Amino acid sequence: MFESLSERLSRTLKSVTGQARLTEDNIKDTLREVRRALLEADVALPVVKAFIERVRERAVGQEVSRSLSPGQQFVKIVQQELEAIMGEANEGLALKSTPSVILMAGLQGAGKTTSVAKLARFLREREKKKVLVVSTDVYRPAAIDQLETLAREVDVDFFPSRSDQHPVAIAESALKHARIQFHDVVIVDTAGRLHIDSDMMDEIQALHQAVDPQETLFVVDAMTGQDAANTAKAFHEALPLSGVILTKADGDARGGAALSVRHVTGKPIKFMGVGEKVDALEPFHPDRVASRILGMGDVLSLIEEAERTVDKGKAEKLAKKVKKGEGFDLEDFRDQLQQLKKMGGMGGMMAKLPGMGQMAEAAQSAGAEKEFGKLEALINSMTPRERRKPEIINGSRKRRIAAGAGLQVPDLNRLLKQHKQMQKMMKKVGKKGGMQKMMRGMSGMLPPGMGGGPGGPGGPGGMGGPGGGFPRR
């Protein structure tokens, strides 16, 4: 998300960052480009106008002229105003009573039912809540079955309903059941339509009155751009919304919806769906998103993700092995690949590092995830002894391993070569200056097109070559 907007803004703001003085003229040119970038990202026009006006007011005032580095101060103002448009800080769910009710509203196809499952999983895993989910969508074929399947997948309780029941009766029965079974949260999935109509609004208003939810969340597809903000506004006028869940954010390179929804509705974006899997739901942090848009990375989210996904036992075991100078075998290599996959792969991880936006795109376009999948398949095709002692892998073993993984012997040879490089790198870590040496060696581990050659991370201007490092801000 935000790839095209990030690229345009980074390029535009770079021209002003090094300015010793900011004048009305160079601010005017830069703001014109920023305005164009926002409109191309499908940000609603009233939002663009308000944003540009606020930046102009602050930029031509004393705030910038007194600064030692006016260009950098200007970038800081742009970042702060982006945060302000999206809501300053993350606003969590207000779940005070027991059971707390969350009512999900939105159009059909926005990803509402999937978001119910994602949110249920989030509450169970991170908030340690006992969650019950229920579907009141009696119109869409298989909607109830879909939620039941998803509830099983995310390991939360499901309250059964039938298509011949009335939505209000279903919700009331589910709430009664939740009180008896001491559930902390009840998430009510409602029916969507292909467009806003009076029947739909009447039904959801009746549901709202019956269950008196603590949270009424509007689920909206980020890929609908400006329409997302307009639809959210229509729902807000009919229902007392408390927040928004922005879905399919990973599929929208522009990001206009994220910048428009809060301004148009006055309601915070509370969560953002960043993939199809049931764990692909993130709390929405405006400051981190603004940082990502400006190419400054999102290290906090990366750290939180690592804390959740990294197997601490395996990490400690590997650290002890490295410290003792013991061999880094292919089972350790496979563990590292699996941890990387859990953290969103090479592209997902790099996108959160400062100045790595283009490298993140390169990682995805170079097919890093596909390459890692091949490596894992080859390691899985080996015997435990071969994984621990790769030096025993001779010609006949190579043919057997490659055939078992559905690949060729040259693929296996590349894996064994990469593993040897990693072994050397791991030996360097424990020595003086080991981490720097390891980072220089990392370029050789990246897939073709990303490292080693000129312009890649290991070449001139990259992480490992002369002139490398993160860009100055």
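Author: Let's start with Phe 182, which counts as exposed because its relative accessibility is 66%, and exposed means over 50%. Keep in mind that this is a predicted model. Phe 182 sits in the loop that runs between helix H8 (167–180) and strand S4 (185–189). Its phi is near 60°, a positive value in a residue other than glycine. That stands out, since most residues other than glycine have a negative phi.

Asp 155 is another such case, with phi near 65°. You'll find Asp 155 in the loop between helix H7 (143–154) and strand S3 (157–159). Asp 155 is exposed too, with a relative accessible area of 55%.

Now for a peptide bond: the one from Thr 98 to Pro 99 is cis, and its omega is near -5°. Most peptide bonds are trans. Pro 99 belongs to the loop between helix H5 (70–86) and strand S1 (100–105).

Searching the whole structure turns up 2 cavities of 30 Å³ or more. The largest has a volume of about 40 Å³, and its lining includes Thr 190, Arg 193, Met 200 and Leu 207. That lining splits into 4 nonpolar, 1 polar and 2 charged residues.

The second largest cavity, at about 30 Å³, has a lining of 7 nonpolar residues, with no polar and no charged ones. Among them are Leu 38, Phe 51, Ile 85 and Leu 259. Helix H3 (45–59) and H5 are the elements that each give two or more residues to this lining.

Notes:
Residues are numbered from 1 along each chain as its sequence is written. This is a predicted model: local features need pLDDT of at least 70, side-chain atom pairs count only at pLDDT 80 or more; totals for chains, interfaces and linings use all residues. Side-chain values use heavy atoms; hydrogens and water are left out. Helices (H or I, at least four residues) and strands (E, at least two) are DSSP runs, numbered from the N terminus. Buried means under 20% relative accessible area, exposed over 50%, partly exposed in between (1.4 Å probe, protein chains only). On a 1 Å grid over the protein atoms alone, a cavity is a set of points where a 1.4 Å probe fits but cannot get out, and a pocket is an open set with protein on both sides within 12 Å along at least five of seven lines; lining residues have an atom within 4 Å of a point. Grid points are joined across faces, edges and corners, and a volume is the space filled by probe spheres set on the points. Ala, Val, Leu, Ile, Met, Phe, Trp, Tyr, Cys and Pro count as nonpolar, Asp, Glu, Lys and Arg as charged, and the others, Gly among them, as polar.
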